[in-house]
Amino acid sequence: MTLLRPLLLWFAGKPAIGNAIERAPYAGRLVNRFIAGSDAQAAVATACSLIDRGYRVTFSYLGEDVATEAETASAVAEYETLIDLVAAAAISEQAKVAIKPSLIGLQLDAGLAERNLERIVTAAEAAGARVELDIERSNAVDPTLALYRAVGQRHEILGMALQAYLHRTPNDLRTLLDDRIARVRLVKGAYAEPRAIAHQSRKAVFQAYQRLLRAAFAPESFVRGSFFAVATHDEPLLASARSLAFRRHIEADRWEVQLLYGVRPRLQERLLHEQYPVRIYLPYGERWYPYFMRRLAERPANIWFALRQFLP
């Protein structure tokens, strides 16, 4: 199944294929399983039901690679609407908002992206919620780090994601720790990257993630006021994180597990029952196709489930 990964990532970048799938009669079943709603109101309703059961949540408005400043303004307005709904539902304390840098204009102009992010973070801060910068393709890592530094130095509610499969990530993590702004969501990585830039095999990515966990959960890392989210469904890595947290006396408000909405719900329930600090990542919106294909590439075992949704 690992041979499917490059093919699925190629499909993720083909919007024409996505448009055809979205028009398929049973595509709604996919949306209901993996997407928390078509709009912010539906996503907040989904979040409230999860919070009632003891989960934390992160909202992710789907979309990327905008082409105009007007499109970034529309995205910022969407994030502000979401934050208003989160505040009205009284779930701000349990909520984070994930921001895609390319959706707020990072590929257009760094200053524009910084102004947009500042606006969103200020709104979230007033509402009592938190914000995380997503990480995208490898050529966007340096601009994203610069954006995070510019706004994160002013707002402690802002964190960002790092990708374990990139060779550069240990150094990026070390620098954020040294600068005392390591509020990090650690993911494996979901984009197609060349061998010179990223680990290719599952084993190599696993080992890289394990090394990053040990660095993140070192006692001296948490002295600096850091926060770490372990964003993976890999059970050995989750067990390692919990073991490290237990042995190093790291409180539950300093780290958490992040799991994707609709992916392995029984695992989510078990971890919550075992008193892991669990946050569910809630993608929402109509532009779900690229996100969905990257999730299939990460876990090809979901392909059979996806195909069954198109059968009457």
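Leaving aside neighbours within four places in sequence, Leu158 is in contact (heavy atoms within 4.5 Å) with Leu117, Val121, Val131, Glu132, Leu133, Tyr148, Val151, Gly152 and Arg183. The model is predicted: local features need pLDDT of at least 70, side-chain atom pairs count only at pLDDT 80 or more, and totals for chains, interfaces and linings use all residues. Residues are numbered from 1 along each chain as its sequence is written, and side-chain values use heavy atoms, with hydrogens and water left out.

Leu158 belongs to strand β4 (residues 158-163). Helices (H or I, at least four residues) and strands (E, at least two) are DSSP runs, numbered from the N terminus. With a relative accessible area of 0%, Leu158 is buried; buried means under 20% relative accessible area, exposed over 50%, and partly exposed in between (1.4 Å probe, protein chains only). Along the chain, Leu158 and Ile181 are 23 residues apart, and their C-alpha atoms are separated by 9.2 Å.

The side chain of Lys96 makes a polar contact of 3.1 Å with that of Glu132 and a polar contact of 3.3 Å with that of Glu256. A polar contact is a pair of N or O atoms within 3.5 Å; within protein, one must be able to donate a hydrogen and the other to accept it, and residues adjacent in sequence count only if both atoms are side-chain atoms. When neighbours within four places in sequence are left aside, the residues in contact with Lys96 include Val57, Thr58, Phe59, Arg130, Phe227, Gln258 and Arg279.

Thr46 lies in helix α4 (residues 40-52) and is buried, with a relative accessible area of 15%. Apart from neighbours within four places in sequence, Thr46 is in contact with Ala36, Tyr261 and Leu282.

Ala126, in helix α6 (residues 110-127), is exposed, because its relative accessible area is 72%. Ala126 and Ile83 are 43 residues apart in sequence, and the C-alpha to C-alpha distance between Ala126 and Ile83 is 9.6 Å.

## Helices α7 and α8

Two packed helices are described by the angle between their axes and the distance between the axes. Helix α7 (residues 141-152) packs with helix α8 (residues 169-178) at an angle of about 10°, and their axes are 13 Å apart. Axes are lines fitted to C-alpha atoms, for helices over the stretch in contact, and angles run from 0 to 180 degrees between N-to-C directions. The helices α7 and α8 are therefore roughly parallel to each other, a term for angles under 35 degrees.

In this contact, α7 contributes Val141, Leu145, Tyr148 and Arg149, while α8 contributes Asp172, Thr175 and Leu176. By class, these are four nonpolar, one polar and two charged residues. Ala, Val, Leu, Ile, Met, Phe, Trp, Tyr, Cys and Pro count as nonpolar, Asp, Glu, Lys and Arg as charged, and the others, Gly among them, as polar.

## Helices α9 and α11

The axes of helix α9 (residues 202-216) and helix α11 (residues 235-247) come within 10 Å and cross at roughly 15°. That angle makes α9 roughly parallel to α11. From α9, the contact is made by Phe206, Tyr209, Gln210, Leu213 and Arg214, and from α11 by Pro236, Leu237, Ser240, Ala241 and Leu244. The contact of α9 with α11 has seven nonpolar, two polar and one charged residues.

Definitions and conventions: Parallel < 35°, antiparallel > 145°, perpendicular 65-115°, else oblique.
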